Amino acid sequence: MKILLISLNSIHAARWIENLEESEHDLYWYDILGRGQIETKGTVNQILNTSKRKLPYIKGEFWMSKKLPNFYRLIYPYLATTENEVLEKIIKEINPDIIHSFEMQSCSYPIIKTMYKFPEIKWIYSCWGSDLFYYQNIKRHNIKIKKALSRINFIHTDCLRDYQIAKDLGFKGKHVGIIPGGTGYKLKDLENLKLDFSKRKIILVKGYQHRFGRSINVVKALQQCLPVLSECEVVLFGAHQQVVDYVKQNNLPFVTFGRNDLSQNQVMQLMGKSLLYIGNSISDGMANTLLEAIAMGAFPIQSNPGNVSAEIIENGINGLLIEDPENVDLISGLINQAIVNKEMLRNAYTINEKIAQEKLEYRDNQQKVINMYRNLQASL
């Protein structure tokens, strides 16, 4: 079976492809954003450098794309080859059985026109992050999402919430299951990175501060908790510059790592040394960093947009849920609750080890991915 994968160039896409390295399928990957070759051990035919200009760049084009995006989208087909045009050419060249797009806004919107042009090709879409939860509430996005979902045949999600949203938005196809976006972790290989519970001192914070991320609210909450944090070390990773600046300006004794300072393996090492992990945002899917914390034994304090985190965290048992990501006092109270309740943290360590074995083991999820495509092949 020929499978054309359309995704961002990301570690999650690379992991997904690696799941299929031993499968019988012919894999193709379309670099839809033009970011270059994807690093993967899996065997995949990479379709790169597809964007071609029809006219020379015009003065003010970049400004127009940012300030007048709707107008720019109208004229873009006259300026350069569109994703729809590229996809149509790819389809005619390789004749795929299935097209699998990962993410809605960047990887599915741009191919809707061509996918309607080839209705016999099965379309599977993987919903990641805020694809549906956040963008469904923006009118122009809501229209596009519904148009895509009415053509999509199969949907894969990393949480139950997003399948329900898809149905509410008119999806009539088949849900092929819940599989973590990164398809899990090789837990045995990570064991040597995990400190014993009694030796953990780090409070690890995801430092995103952007459209969705609200880490400065966590930093402010930790400021309020400084009197009970004397034995802890606060570390922020993936921190946006305004987070780094806030820590410096307020003379806080916190360690900060910027957006590109740490590798994925280094983040996992930090997780394995951490007592608490805190992630706070107004919108997300099943956060990969939440799953990493659970796999590495860090007690999670996590925001809960649309009740997604509650699908894996039982509040007060194996983690704590932030129900209002803008409420600094609430977050401060949760941090205090965790720091003073070592018995809750110790019990959660054991519970989350079991959850990781049952839901996050790489080999188990790899088999789910392989079976998913086999079932799709049988339905063709």
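1. A term to have in hand: buried means under 20% relative accessible area, exposed over 50%, and partly exposed in between, with a 1.4 Å probe and protein chains only. This is a predicted model, where local features need pLDDT of at least 70, side-chain atom pairs count only at pLDDT 80 or more, and totals for chains, interfaces and linings use all residues. Residues are numbered from 1 along each chain as its sequence is written, and side-chain values use heavy atoms, with hydrogens and water left out.

2. Searching the whole structure turns up six aromatic pairs (rings of Phe, Tyr and Trp, the latter by its six-membered ring, with centres within 6.5 Å; planes under 30 degrees apart are stacked, over 60 edge-to-face, the rest tilted). One of them joins Trp-16 and Phe-102: the centres are 5.4 Å apart and the planes at 75 degrees, so the pair is edge-to-face. Trp-16 belongs to helix α1 (residues 11-19) and Phe-102 to strand β4 (residues 98-102), 86 residues apart. Helices (H or I, at least four residues) and strands (E, at least two) are DSSP runs, numbered from the N terminus.

3. Tyr-134 is partly exposed at 25% relative accessibility, whereas Phe-212 is buried at 15%.

4. Finally, charges over rings (NZ of Lys or CZ of Arg within 6 Å of the ring centre and within 35 degrees of the ring normal). The charged end of Arg-53 sits over the ring of Tyr-57, 3.8 Å from its centre.
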